[in-house]
Amino acid sequence: MATKKEEKQFEKERKAAIKAREKRMKEIGLEKFLTPDQIKYNKRQKVIGAVWPVFRFLILFGLCFVILYPLIFMLSTAFRPNEQMNDPSIIWIPKNFTMQNIKDTWKVMKFDKTLINTIILNLVSSVLQVATCSITGYGFARFKFKGKNFLFGIVVMMIIVPPQITTIPLYMQYAYPPKIVAKILTLGKSTKLINYGWTMYLPALFANGIRAGLFIFIFRQFFRGLPKELEDAAYLDGCSPLYTYVKIMIPNARQSFLTVFLFSIVWYWNDYYVSSSFFTNNDTVALMLKNLNTTLAKTLFNNQSVSVRQIIVWLEAGCLLSITPILVMYVFLQRYFVEGIEKSGLAN
Amino acid sequence: MSKEKTKAVQTSENASPAKQKKHVLSYEKRKGLYGYGFIGLWAIGTIYFFIAPLIMSLIYSFNETEVKVGGMGMKWIGMKNYVNAFRKDQDYTLALVDMLKNTALRTPLIIIFSIFIALVLNQKFKGRTFARAVFFLPVIIATGPVMDIINGNMSTGGYSGGSEQFSTMFEANLVDQLLNFLGIYNISDKLSNIINSLTTDIFNLVWNSGIQILLILAALQGISPASKEAAQMEGATSWEFFWKITLPTISPMILACVVYTVVDSFVDPGNKVMTIVLNKSTNWQHGYSAAMAWAYFAIIGVCLGIIVAILNKVIYYEVE
């Protein structure tokens, strides 16, 4: 195998050879070698090759700007003193930078406590969710049993049915669960599960967490794409299906596990609907951010009603605080988002 | 008598191969049981966390509900909630029609845009990694509450966030000026309206198509470079290659994207119908809200069914 450096070298040499050949051909006269159609085709390719990169750059640059615009705006506002918000002479770069907004918002959001709380909730739920969804996906991908199509229909239903339909009955279930279960789960403190992390962990543990249907679907597609011979060899050696799954399938599916895990973390991080339904004082970052303008008005403006314009610096600071952890994760792991999806079998 | 005999013969005939294959069958059966084992956890969870609440909310929708200590008080009123939603509620039907129109308009736009961007991002050029990273950024941000602040949804009056400010940059005059510059004056109001709505919507378009781009890009990776080379040898232009090879190959993924886009726009808690449903539910009218949600869900189901049925006819499935 050639190394990457060598490959680059080969590519260079190949291109140089092609160029040299074209030059020779031109000197003798192209008509001798190519039909008129081919000449026309080559010319067209050349023009496209010259013009297209410019267009591509313009399009991508413009669209990247559209995407990055709110983030740049966020950065510009979060460090800007509030008085300078109304200064017409400032568009992007404020006259002086301040950390005051960040500090205020940190205090209002109780960010240290909230962050730790959210991270624990996220990690536990995501790990549980990925584990159980992968097992379920594997079951659907590789085993034949009665009613499989019907059960898979339910998985598809789980993707389509909006969570808003089931929220209220679920709330009742969490609020009035079997008493023994609640006592055990909350260590005897309460007969309700509302406000406990269990409202997130329990569904995740049973492969019914946020967007679980989608994850089961992805895992099924992925496991179906792996060659069957992998397991047959293990079965011949007398391994049980569960052992085969743990020892053979999981190592082969590492990439797809990572991708799904990342997605799971992102969706749990961003979720405010489910958490706002089941938590009243168990705070997550998304929930805090959702209520930020009311809490800001309460703490900074003595409950006066304020327009968004007056508190925009704090809002943007809050945004910045809450997306920073996930953004950092994204910067380090973004290649897995792409490569993982490519290999996760979703491609087929 | 004879009937019984034939029956007996049949059963014995049926039984004998079963006896021969006994070992195979039991193995298959055992594997089937393992299958149940693998999905068992999910099945239990689904009954408790999905099916039961679903049925419960269906029951709510036929009742007048009242929240009490220790449970939900219910009074059977039949279809009244549904009738009320469509007959008496002025906002609901309007919001529903609006929603359907919006989705019908936006879905094709998002799909075409994502295909285009995915094609571009699939080419080799400098800075591709960066461009990809930027285009997938909405995937991690757009589902969260940050989007609300960015969109300026938090307050109806006063200052708004990025989206509003951004769209003013593309305000009507700019398009008109561009057309004027090109020597086109007042071709028609409709056309300039369409152009306007497109340009003002570009922010939402880009921010809502992260996942779709990701999916289509993944599908594009599945096209072997050999086919591209072969097409070039035959003298196919990129345009022909796109229509004859690329599009059929990625068509199953396009279906997935269409379904995802439609579901996503229907389920989004920010859309009008969802807002009404959630408002009713926060006003303690759970039965009424459940009826609205179920009617809405039925409509989504029908729409999706129609879309999938139509697209399935066009889609090209590779025979394995």
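Helices are DSSP runs of H or I with at least four residues, numbered from the N terminus. In the predicted model, A:Ala207 lies in the loop between helix 8 and helix 9 (212–225) of chain A. The phi angle of A:Ala207 is near 55 degrees, a positive value in a residue other than glycine. Most residues other than glycine have a negative phi. A residue is buried if 20 or more other C-beta atoms lie within 10 Å of its own. A:Ala207 has 31 C-beta neighbours inside 10 Å, so A:Ala207 counts as buried.

A:Asn195 also has a positive phi, near 80 degrees, and is likewise a residue other than glycine. The residue sits in the loop between helix 7 (179–185) and helix 8 (198–205) of chain A. With 15 other C-beta atoms within 10 Å, A:Asn195 is partly exposed.

Chain A as a whole has 16 helices and zero strands. Its radius of gyration is 28 Å, whereas the globule rule gives 20 Å for 348 residues; chain A is therefore more spread out than a compact globule. The C-alpha trace of chain A spans about 90 × 75 × 35 Å along its principal axes. Of the 348 residues in this chain, 36% count as buried. Contacts between residues at least 6 apart in sequence were also examined in chain A. Among these contacts, 72% join residues at least 24 apart.

Chain A meets chain B across an interface. Here 69 residues of chain B are in contact with 71 residues of chain A. On the chain B side, helix 2 (residues 22–61) gives the most, with 18 residues. The residues on this side of chain B divide into 49 nonpolar, 18 polar and two charged.

The largest nonpolar core holds 126 residues. A:Phe219, B:Ile216 and B:Met292 touch the most other members of this core. Helix 16 (residues 308–343) of chain A gives the most to the core, with twelve residues. Domain 1 (2–61) and domain 2 (80–314) of chain B both give residues to the core, so the core lies between these two domains.

B:Met292 touches B:Ala85, B:Tyr92, B:Ile276, B:Val277 and B:Lys280, leaving out residues up to four places away in sequence. One of these, B:Val277, is found in helix 14 (residues 272–282) of chain B. B:Val277 is buried, with 27 other C-beta atoms within 10 Å. Neighbours within four places in sequence aside, B:Val277 is in contact with B:Ser289, B:Met292, B:Ala293 and B:Tyr296, and with A:Gln164 of chain A. B:Leu304 is 27 residues from B:Val277 along the chain, and the C-alpha atoms of the two are separated by 21 Å.

In chain B, an unreviewed UniProt entry annotates "transmembrane region" at residues 33–62, 103–121, 133–150, 202–220, 241–263 and 293–316. Two of these spans were examined in the model. Residues 241–263 of chain B are 100% helix and 0% strand, and the end C-alpha atoms lie 31 Å apart. Residues 293–316 of chain B are 92% helix and 0% strand, with the end C-alpha atoms 35 Å apart.

Terms used
Residues are numbered from 1 along each chain as its sequence is written. Chains are lettered from A and ligands numbered from 1 in the order in which they are written. This is a predicted model: local features need pLDDT of at least 70, side-chain atom pairs count only at pLDDT 80 or more; totals for chains, interfaces and linings use all residues. Two residues are in contact if their C-beta atoms, placed from the backbone, lie within 7 Å. Helices (H or I, at least four residues) and strands (E, at least two) are DSSP runs, numbered from the N terminus. Ala, Val, Leu, Ile, Met, Phe, Trp, Tyr, Cys and Pro count as nonpolar, Asp, Glu, Lys and Arg as charged, and the others, Gly among them, as polar. UniProt positions are given in the numbering used here, feature names are shortened, and annotations may be inferred rather than shown by experiment. The radius of gyration is taken over C-alpha atoms; the globule rule is 2.2 Å times the number of residues to the power 0.38. A residue is buried if 20 or more other C-beta atoms lie within 10 Å of its own, exposed if 12 or fewer, and partly exposed in between; C-beta atoms are placed from the backbone. A nonpolar core is a set of buried Ala, Val, Leu, Ile, Met, Phe, Trp, Tyr and Cys residues joined through C-beta atoms within 7 Å. Domain bounds come from an automatic or database domain assignment.
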